[in-house]
Amino acid sequence: CIFVISEAAPSPVVFANGFGAGWSSWSWNITLNTAKQYGYANTNAVGVTFNTTWAGFSPGVGINFNTAGYKHLSFMVRNNSNGDDLWLFAANPGNTHGTSLRLSDYSPTDTFTQGQWTWIRVPIKDLGLGSNPVLSYFAIQSGKTNASVDFDEIRFEANALLFENNGNDANSPIIRGPAHVWNWGSIVRYP
């Protein structure tokens, strides 16, 4: 048997076929298309053209978003042209900016191949605003003028725990057998 246990609420959507509840664009110096066809999940992606260097695609939330219980900001990126120099930062309600992160460092290939979707998963702690910060917005900027990039499936991910059991332990009232536990940012609780 294999069980996956999540210790937080479902992943809140920032953008998936449109902005999630409470989220909107706080962007600057970009051309934004929130109905870009053929997104990663065969729905609408958000298409962004960065009109100037360091222009920003910035999802913001009208109510501050508490990241407690969430461990990652994840999303899909598609480099249409010049979209290989992307940077991420987040800000708290006091407008304190965290660490500026080069997104290609979170790509499995250390780059964004033109014309391909790439999954990015950034640990919340890497944002440089503490372990469970409250955010008002985050921004993705391009170091290149006229970069064209699509984003899709932008969301915060909860903790996850994978539990495997082979059913042989007669001493356990609930779990029969030796167990193996793999933990990704979760709290492991034993009775």
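Mentor: Buried means under 20% relative accessible area, exposed over 50%, and partly exposed in between (1.4 Å probe, protein chains only). This is a predicted model, in which local features need pLDDT of at least 70 and side-chain atom pairs count only at pLDDT 80 or more, while totals for chains, interfaces and linings use all residues. Residues are numbered from 1 along each chain as its sequence is written, and side-chain values use heavy atoms, with hydrogens and water left out.

Trainee: Why is Asp84 called partly exposed?

Mentor: Its relative accessibility is 29%, so Asp84 counts as partly exposed.

Trainee: What makes the pairing of Lys144 and Asp84 a salt bridge?

Mentor: The term requires a side-chain nitrogen of Lys or Arg within 4 Å of a carboxyl oxygen of Asp or Glu. For Lys144 and Asp84 the N to O distance is 2.7 Å, so the pair qualifies. Lys144 lies in the loop between strand 12 and strand 13, and Asp84 in the loop between strand 8 and strand 9, so the bridge ties together parts 60 residues apart in sequence. Strands here are DSSP runs (E, at least two residues), numbered from the N terminus.

Trainee: How do you know whether Ser58 is buried or exposed?

Mentor: The relative accessibility of Ser58 is 1%, so Ser58 counts as buried.

Methods. Helices (H or I, at least four residues) and strands (E, at least two) are DSSP runs, numbered from the N terminus.
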